[in-house]
Amino acid sequence: MMTIDQSYNNSNIIIWKAASNIALVKYWGKKSFQLPMNPSISITLDQSTTTTKMEISKNKHLEREIDFYFENTKNELFAKKIENHFKNIEQEFPLLKEYNYKISSSNTFPHSSGLASSASSMASLNLCLASLLLKNNIIEENNFYLTASRLSRMGSGSASRSLFPSFAEWGIESEDYATNIANIHKNFSDICDAILIVSSEEKTVSSRIGHSLMEDHPFKDSRYKNAKKRLLNLLKVLENGDWSTFIDIVEAEALELHAMMMCSSPSFILMKPNSLKIIELVRSFRADTGLNLCFTLDAGPNIHLLYPLEIKEQVIKFINDSIDPFLEDGFWIDDNIGQGPVNLS
Ligand code: 2P0
């Protein structure tokens with residue numbers, strides 16, 4: 001359960017843990033400042049998390065300072081990104097300029113796993129900032145998560161969805177922030193995600209560039225039309241528990257995302273030969289066994305294998321027997337649907 005613990009009220013330390021999320025209907029293409037061209041839906045994960053600790057002190061020199069440590073080491077590159085983010089949100093919340101910040105962040109998943117951490121790191125950072133705003137009565141408690149989601153979105157679009165338990169949508173109720181999806185059928189309530197690491201190398205094209213290449217994309221109209229149609233169908237499926245249609249929608253979205261990349265100008269390919277090999281194996285395993293499992297991909301080569309908890313034993317056997325040779329050092333992450341952020345202050 002998410003609770004807003006006020007126990008840090010007299011303290012200058014705020015700590016939040018937030019998990020990454022995997023999109024089922026993908027956000028790919030932006031308009032204006034960090035707004036999505038189409039609505040998206042994701043599952044909040046449980047095990048792949050970032051914890052951010054923010055130590056604040058009153059700033060006496062009117063020159064706000066940010067020290068940023070990632071896994072106990074000072075990181076100037078991240079500090080610069082955070083500095084930019086602060087500049088964007090201080091226009092709306094000038095109070096933030098009145099403090100100095102020592103921010104320390106760490107991930108549960110290995111930094112070099114090839115998993116994007118922008119969603120969990122931006123969500124946990126902005127939860128700390130929202131706590132500071134709440135403590136100073138700048139925002140109200142009933143707007144806490146929506147504000148944290150909106151601030152996270154300004155840092156990284158997909159992060160807006162990491163603020164909620166279970167399933168989240170961004171772009172239906174509002175393009176400014178994400179919200180929780182209620183009424184999830186029990187067939188999806190214990191969904192698991194085996195994150196199969198095909199490559200941990202840094203991506204050749206960043207998501208920021210990928211989004212921008214949608215602006216003049218030859219298939220952009222049909223892409224946004226398809227995404228909206230799939231999103232409406234997926235909302236129905238999440239209510240009625242139909243795994244078969246879920247599989248069709250989720251796999252079509254993953255492949256269309258990567259098709260957009262391949263048809264961008266310039267074109268780029270983020271899948272690797274082993275990503276395709278695993279996709280083939282998943283489809284033939286499903287045809288042979290009749291089990292409900294499917295793949296999706298983020299903007300990278302790694303495969304997220306989604307399945308209900310009741311078939312976990314068969315899925316682990318399938319990974320060990322068939323998929324293992326196509327993984328980098330046999331590495332995969334055993335994750336599942338999560339309960340949303342936790343205040344550790
Ligand atoms: C998503 N992705 O919906 C899609 C699917 C990757 C593939 O959102 O520029 O890191 O920080 O807003 O959120 C990755 O892009 O991009 C992404 P920014 P972000 O999860």
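**Salt bridges and a domain interface**

Reader: Does R230 count as buried or exposed?

Author: R230 has 15% relative accessibility. The cut-off for buried is under 20%. So in this predicted model, R230 counts as buried.

Reader: Which residue does R230 form a salt bridge with?

Author: The closest N and O atoms of the pair are 2.9 Å apart. A salt bridge needs a Lys or Arg nitrogen within 4 Å of a carboxyl oxygen of Asp or Glu. The partner of R230 is E256.

Reader: How many residues apart are E256 and R230?

Author: The salt bridge joins E256 and R230. E256 sits in helix α6 (residues 243-262), and R230 sits in helix α5 (residues 220-240). The pair links distant parts of the chain, and the separation is 26 residues.

Reader: Does E256 count as buried or exposed?

Author: The cut-off for buried is under 20%. E256 has 13% relative accessibility, so E256 counts as buried.

Reader: Which residues are linked with R230 and E256 in a network of salt bridges?

Author: Side chains of opposite charge can pair when their charged atoms come close. The network here holds R230 and E256, and the two residues linked with them are R223 and E253.

Reader: Which helix holds R283, the partner of E251?

Author: E251 and R283 form a salt bridge, with closest N and O atoms 3.0 Å apart. E251 lies in helix α6, and the pair ties together parts 32 residues apart in sequence. R283 lies in residues 273-289, which is helix α7.

Reader: Where does R64 lie?

Author: E90 and R64 meet in a salt bridge at 2.6 Å, N to O. E90 lies in helix α1 (residues 76-90), 26 residues from R64 in sequence. R64 lies in the loop between β4 and β5.

Reader: How many salt bridges are found across the interface of domain 1 and domain 2?

Author: By the salt-bridge rule, the count comes to 16. The domain assignment gives domain 1 (7-183) and domain 2 (187-336). Across their interface, the number of salt bridges is 0.

Reader: How many residue pairs are in polar contact between domain 1 and domain 2?

Author: In domain 1, 31 residues are in contact with 41 residues of domain 2. Polar contact between the domains is counted with both residues at pLDDT 80 or more, and the number of pairs is 10.

Reader: Which strand supplies the largest share of the side of domain 1 that touches domain 2?

Author: There are 10 residue pairs in polar contact between the domains. On the domain 1 side, β1 (13-25) and β4 (40-58) each supply at least two residues. The largest share is 8 residues, and the strand is β4.

Reader: Which residues of domain 1 lose the most area to domain 2?

Author: The two domains bury about 3000 Å² between them, 72% of it on carbon and sulfur atoms. In domain 1, three residues together account for 27% of what that side buries: L24, K26 and W28.

Reader: Is S20 buried or exposed?

Author: S20 is found in strand β1. S20 touches residues including I43, A116 and S162. Its relative accessible area is 9%, so S20 is buried.

Methods. Residues are numbered from 1 along each chain as its sequence is written. This is a predicted model: local features need pLDDT of at least 70, side-chain atom pairs count only at pLDDT 80 or more; totals for chains, interfaces and linings use all residues. Side-chain values use heavy atoms; hydrogens and water are left out. Domain bounds come from an automatic or database domain assignment. Contact means heavy atoms within 4.5 Å. Buried area is the accessible area (1.4 Å probe) that two parts lose on being put together, summed over both. A salt bridge is a side-chain nitrogen of Lys or Arg within 4 Å of a carboxyl oxygen of Asp or Glu. A polar contact is a pair of N or O atoms within 3.5 Å; within protein, one must be able to donate a hydrogen and the other to accept it, and residues adjacent in sequence count only if both atoms are side-chain atoms. Helices (H or I, at least four residues) and strands (E, at least two) are DSSP runs, numbered from the N terminus. Buried means under 20% relative accessible area, exposed over 50%, partly exposed in between (1.4 Å probe, protein chains only). Lists of a residue's contacts leave out its neighbours within four places in sequence.
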